[in-house]
Amino acid sequence: TGGEYLYALRGEYMETTPNGEFARYHLPTETWEELPSLPDPDGVGDGGSLLYVSDNSDSIFALSGGAADESFGKGFFRFSVTDDAWERLADLPCPIGYYVGNRLAYSDGSIYYWQGGTKSAGCGGDAFYRLELASSTSLSTLIINEIEMNPPGEIGRASRRVRV
């Protein structure tokens with residue numbers, strides 16, 4: 001996060017037990033500290049991802065990934081470093097698949113999410129979204145824009161506003 005800590009989701013390590021363990025590593029002392037677990041009852045599965053946004057220095061965003069039983073998931077969360085607490089955000093418009101990693105990226109005021117899943121997950125497995133962050137340091141409104149290849153070679157767009 002640009003400071004003295006690295007953050008990590010332990011995630012799925014047993015294929016039948018949901019796990020959302022979250023911790024941070026303090027670089028100067030080389031020690032781990034447990035933090036509140038990700039509040040997804042299905043835990044962190046394949047496709048789980050973390051993203052720190054430097055423009056919003058209090059927030060770490062997370063995709064929970066699919067469940068430990070390999071079912072699809074739509075969990076999207078924000079961890080407040082200051083409050084030491086998770087907040088569940090609006091579900092992803094397309095599910096997170098299994099055996100593939102969904103990804104989060106940040107650029108120019110927006111978070112990008114690409115599905116990277118199998119077609120059986122829905123949305124064709126190749127959906128791409130942009131979530132525009134509010135300009136203030138508090139996350140108050142997300143604008144979800146969908147860009148999906150459907151049919152192949154053509155680009156469609158849709159948007160909706162979600163209060164969080």
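**Figure 1. Arg 78 and Ser 59 are joined through their side chains by a polar contact of 2.9 Å.** A polar contact is a pair of N or O atoms within 3.5 Å; within protein, one atom must be able to donate a hydrogen and the other to accept it, and residues adjacent in sequence count only if both atoms are side-chain atoms. Arg 78 sits in strand S6, residues 76–80. Strands (E, at least two residues) and helices (H or I, at least four) are DSSP runs, numbered from the N terminus. Arg 78 counts as buried because its relative accessibility is 14%. Buried means under 20% relative accessible area, exposed over 50%, and partly exposed in between, with a 1.4 Å probe and protein chains only. The model is predicted: local features need pLDDT of at least 70, side-chain atom pairs count only at pLDDT 80 or more, and totals for chains, interfaces and linings use all residues. Residues are numbered from 1 along each chain as its sequence is written, and side-chain values use heavy atoms, with hydrogens and water left out.

**Figure 2. The largest pocket holds about 150 Å³ of space.** On a 1 Å grid over the protein atoms alone, a pocket is an open set of points where a 1.4 Å probe fits, with protein on both sides within 12 Å along at least five of seven lines; lining residues have an atom within 4 Å of a point. Grid points are joined across faces, edges and corners, and the volume is the space filled by probe spheres set on the points. Strands S1 (5–9), S2 (22–26) and S3 (31–35) each give at least two residues to the lining. S3 supplies the largest share, 3 residues. Among the lining residues are Leu 9, Arg 10, Phe 22, Trp 32 and Ser 37. By class, the lining has 6 nonpolar, 1 polar and 3 charged residues. Ala, Val, Leu, Ile, Met, Phe, Trp, Tyr, Cys and Pro count as nonpolar, Asp, Glu, Lys and Arg as charged, and the others, Gly among them, as polar.

**Figure 3. Asp 42 lies in the loop between S3 and strand S4 (49–52).** With 39% relative accessibility, Asp 42 counts as partly exposed. Leaving out residues up to four places away in sequence, Asp 42 touches Pro 18, Ala 67 and Ala 68; contact means heavy atoms within 4.5 Å. Glu 12 is 30 residues from Asp 42 in sequence, and their C-alpha atoms are 9.8 Å apart.

**Figure 4. Thr 16 is placed in the loop between S1 and S2.** Its relative accessible area is 68%, so Thr 16 is exposed. The C-alpha atom of Thr 16 is 5.5 Å from that of Ala 68, although the two residues are 52 apart along the chain.

**Figure 5. Glu 30 and Asp 108 have positive phi values.** Most residues other than glycine have a negative phi. Glu 30, which is not a glycine, has a phi of about 55°. Glu 30 lies in the loop between S2 and S3 and is exposed, at 60% relative accessibility. For Asp 108, phi is near 50°. Asp 108 belongs to the loop between strand S8 (103–107) and strand S9 (110–114); at 77% relative accessibility, Asp 108 counts as exposed.
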